[in-house]
Amino acid sequence: MSILTILLYIICIILILILIFLIIGLKIRIFLNFHEKFYGKFEIYIFKKIKIIKKEISAKEDLMGKEKDESDEKNEKTLKEKYEDNKDLINDIIANKEPFIEIVKIIKNSIKHSKTEGTIIYGLESPVDTAEIGGFLWTITGILNSGKNTKITVDPVWNKFYLEFTIDTNFKLSLLIPIIKILKIIMKNPTRDIVIKLIKMNPRKKDGHKREN
């Protein structure tokens with residue numbers, strides 16, 4: 001048997017395994033908490049019990065998993081500054097929210113055996129901005145809360161910048177059909193341009209760290 005034939009068999013096996021994972025779906029557990037500092041925990045399982053990914057992200061490490069030094073802390077922008085830097089992008093998402101709402105519906109309809117609890121407390125200095133973002137969040141959480149065992153509350157704080165949230169969820173997610181449907185949505189403008197901007201929000205520097213917004 002030639003090396004080329006062996007490689008073709010290996011590629012076929014890998015593609016079949018990927019297809020199986022897409023069809024049977026994944027079991028996902030996510031815990032997110034932000035109150036001055038951020039902590040997140042992600043676990044992904046196949047066949048319900050086989051853990052393939054486990055990741056924890058805390059305020060003591062950057063997105064590359066390395067501990068921050070004092071210079072990083074001094075140079076890091078505040079959450080409010082990051083919001084101001086990306087305000088136009090956030091406004092674009094709200095102004096073109098229908099495709100993103102449709103994506104949430106697709107994901108929600110693909111979730112089985114879910115249990116989700118969460119609270120989001122937020123505020124902006126402008127009451128108008130607070131109300132606009134609140135409307136978007138209430139629409140999204142309203143879709144998610146229509147499912148069984150799901151309760152996410154959104155509470156605005158007026159006339160000051162504030163953010164606090166906790167999300168605790170575990171669910172089984174089917175992937176094949178949702179991925180196809182979501183790709184069809186994000187390939188169309190203006191959604192495509194917004195997604196590209198989201199991807200480019202934090203480009204990595206050559207040294208492996210992400211550049212601050």
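Where is the place of Pro190? Pro190 sits in the loop between helix H7 (176–186) and helix H8 (191–199). This is a predicted model, in which local features need pLDDT of at least 70 and side-chain atom pairs count only at pLDDT 80 or more, while totals for chains, interfaces and linings use all residues. Residues are numbered from 1 along each chain as its sequence is written, and side-chain values use heavy atoms, with hydrogens and water left out.

**View 1. A cis peptide bond joins Asn189 and Pro190.** Omega is about 5° at this bond. Most peptide bonds are trans. The helices named in these legends are DSSP runs (H or I, at least four residues), and so are the strands (E, at least two); both are numbered from the N terminus.

**View 2. Asn149 and Asn159 each have a positive phi.** For Asn149, phi is about 55°, although this residue is not a glycine. Asn159 is not a glycine either, and its phi is about 65°. Most residues other than glycine have a negative phi. Asn149 lies in the loop between helix H6 (127–145) and strand E5 (150–158). Asn159 lies in the loop between E5 and strand E6 (162–173). Are these residues buried or exposed? Asn149 counts as exposed because its relative accessibility is 56%. Asn159 is exposed too, at 54%. Buried means under 20% relative accessible area, exposed over 50%, and partly exposed in between (1.4 Å probe, protein chains only).

View 3. Two strands pair if DSSP finds at least two bridges between them. In a regular strand, side chains alternate between the two faces of the sheet.

**View 4. E6 pairs with E4 and with E1.** Strand E4 (residues 111–124) runs antiparallel to E6, and 11 bridges join them. Gly123 has Tyr162 of E6 as its bridge partner. Ile120 has Phe165 of E6 as its partner. Strand E1 (residues 26–35) pairs with E6 in the antiparallel sense over 9 bridges.

**View 5. E2 and E3 form a hairpin.** Strand E2 (residues 37–46) and E3 pair in the antiparallel sense over 8 bridges. Tyr45 stands opposite Lys51 in E3. The hairpin has 3 residues between its strands. Phe47, in the turn, has a positive phi of about 50°.

**View 6. Ile3 belongs to a nonpolar surface patch.** Ile3 is found in helix H1 (residues 3–24). Ile3 counts as exposed because its relative accessibility is 66%. Other members include Leu4, Ile10 and Ile18. Together, the patch residues have about 950 Å² of accessible area. Such areas come from the Shrake-Rupley method with a 1.4 Å probe; for residues, only the protein chains shown count as cover. Patches are made of residues with over 30% relative accessible area and no salt bridge: like charges are joined within 9 Å, nonpolar side chains (Val, Leu, Ile, Met, Phe, Trp, Tyr) within 5 Å. A salt bridge is a side-chain nitrogen of Lys or Arg within 4 Å of a carboxyl oxygen of Asp or Glu.
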